[in-house]
Amino acid sequence: MKSKIIQTLGDLGGYKIARSLTRKQPKVLMYHRFSEKKAGLEVSAATFEQQLKIIKHNFNPMTLADLAAYREKNLSTPANAVVITVDDGYRDFYEVAYPLLVHYQIPATFFVTTGFINGDIWLWPDQVDWLLTHKQSSEKVMLAGREFDLSQSAKMLWWPIVGHFLQVPDAQRRKALTLLEQSSNVELPKIAPHAYSAVNWTQLGEMQNNGIEIGGHTVNHPSLGAMTTEDARREIFQSYADITHELGERPRTFCYPNGQPSDYSEDIKNIVKESPYLAAVTAFSDKFNTDLNYAWRRFVGCEDSFQFHKSLFGVEHLGNRIRGTSRAAI
């Protein structure tokens, strides 16, 4: 009922009022996957195009590096600034979202996991999805201290397993993933299958030359908060070195993998500050928005029109401020 009221008020002019009230607050939107047609959690081409039209007409889009440059020079951010960010490095960004961004001349920031781009790894949530989709077992299995019933469907199991894996240290997660592979009675492909594949460096170079900032997302996409300082430093600095080696020196920003409060710390923030990255973002929103250096919050960009409008026009930001919502103090 509350959501319906907000949506109705928004359609009657509330969204424009929220945009005006939050015009000095940049909105950083977070996306992951895209598809030509509506499918699962991906944002479809048609939906994304409509979202870009709204952004083009009502907001001032820029890259995260551009926003960081304004802050670094102590300049006022342009009113109604919006940053589109996309995580991980999937091929579907190049195939679906990038052509639309070019068509509407809207910049964006694409955070890439360099080991994924190099073909050294594929992302572990996708490995879980592939194993559950192809499993040849219906037994129960204990994964990192929690039992799961493999007789359930992949759709029923994926988020409980992934959500659980996000809460455990990376070493424990890797062992649990190996056990899941063994229990599924299938062999995990060494290279990401097409549905889970990454862009390549040539495509990234093309995008960089056409308004897309290529930012860092570590080498192996671990939870930095569960790593030693030395290992986290290697993930952060090496990701920048990989991108620079392939694409040259450019202003770049960073995104914490998973991006929840447990996935970074003050020590991790300080490592990013020491690196050449100009700014860093989380994967949640709260009252701080872009107030905390190297921990700028992000709003969800998604297929759902109501959630998209709340994120973009500042309704969610106003709610966070009114409620005093705080997910983390750093």
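This is a predicted model: local features need pLDDT of at least 70, side-chain atom pairs count only at pLDDT 80 or more; totals for chains, interfaces and linings use all residues.

User: Let's start with T77. Why is T77 called buried?

Analyst: Its relative accessibility is 18%, and buried means under 20%, so T77 counts as buried. T77 is found in the loop between α3 and β5. Leaving out residues up to four places away in sequence, T77 touches P26, L67, Y70 and R71.

User: And A69, what makes that one partly exposed?

Analyst: A69 has a relative accessibility of 24%. Buried needs under 20% and exposed needs over 50%, so at 24% A69 counts as partly exposed. A69 lies in helix α3, residues 64–72.

User: What about Q105, buried or exposed?

Analyst: Exposed: the relative accessible area of Q105 is 66%, against a cut-off of over 50%. You'll find Q105 in the loop between α4 and β6. Phi of Q105 is near 55°, a positive value in a residue other than glycine.

User: Now the strands. Why is β1 called largely enclosed?

Analyst: Count the residues: five of the five in β1 are buried, so the strand is largely enclosed by the rest of the structure. K27, L29 and Y31 point one way, V28 and M30 point the other way, and all are buried.

User: How do you know that β1 pairs with β5?

Analyst: Pairing takes at least two bridges between the strands. β1 and β5 have five bridges, in the parallel sense. One to look for is L29, whose bridge partner in β5 is I84.

User: And what makes β1 and β12 a pair?

Analyst: The cut-off is at least two bridges, and two bridges join β1 to β12, residues 299–300, with the strands running parallel. Here L29 stands opposite F299 in β12.

User: How do you know that β7 and β8 pair up?

Analyst: Four bridges join β7 (residues 140–143) to β8 (residues 146–149), where at least two are needed. These two strands run antiparallel. M142 has E147 as its bridge partner in β8. The hairpin has two residues between the strands, and A144 takes a positive phi near 50° there.

User: On to the inside. Which residues touch the most other members of the largest nonpolar core?

Analyst: F93, F110 and L204, in a core of 86 residues. Helix α4, residues 91–103, gives the most to this core, with six residues. Take F93: beyond its neighbours within four places in sequence, F93 is in contact with F34, V86, Y98, P99, L101, F110, M207 and I212. Another core of twelve residues lies apart from the largest one, and L64, A68, C255 and V281 are among its members.

User: What makes something a cavity here, and how many are there of 30 Å³ or more?

Analyst: In a cavity a 1.4 Å probe fits but cannot get out. The count comes to one of 30 Å³ or more. The largest cavity holds about 50 Å³ of space. Its lining includes W124, F165, D170, R173 and H221. By class, that lining has five nonpolar, three polar and two charged residues.

User: And the largest pocket, what lines it?

Analyst: This pocket has a volume of about 1,400 Å³. It is lined by 42 residues, and H32, R33, L41, W158 and W159 are the closest to its centre. By class, the lining divides into 22 nonpolar, ten polar and ten charged residues. β1, α6 and α7 each supply at least two lining residues, and the largest share, five residues, comes from α7.

Technical notes
Residues are numbered from 1 along each chain as its sequence is written. Side-chain values use heavy atoms; hydrogens and water are left out. A nonpolar core is a set of buried Ala, Val, Leu, Ile, Met, Phe, Trp, Tyr and Cys residues joined through side-chain atoms within 4.5 Å. Buried means under 20% relative accessible area, exposed over 50%, partly exposed in between (1.4 Å probe, protein chains only). Contact means heavy atoms within 4.5 Å. On a 1 Å grid over the protein atoms alone, a cavity is a set of points where a 1.4 Å probe fits but cannot get out, and a pocket is an open set with protein on both sides within 12 Å along at least five of seven lines; lining residues have an atom within 4 Å of a point. Grid points are joined across faces, edges and corners, and a volume is the space filled by probe spheres set on the points. Ala, Val, Leu, Ile, Met, Phe, Trp, Tyr, Cys and Pro count as nonpolar, Asp, Glu, Lys and Arg as charged, and the others, Gly among them, as polar.
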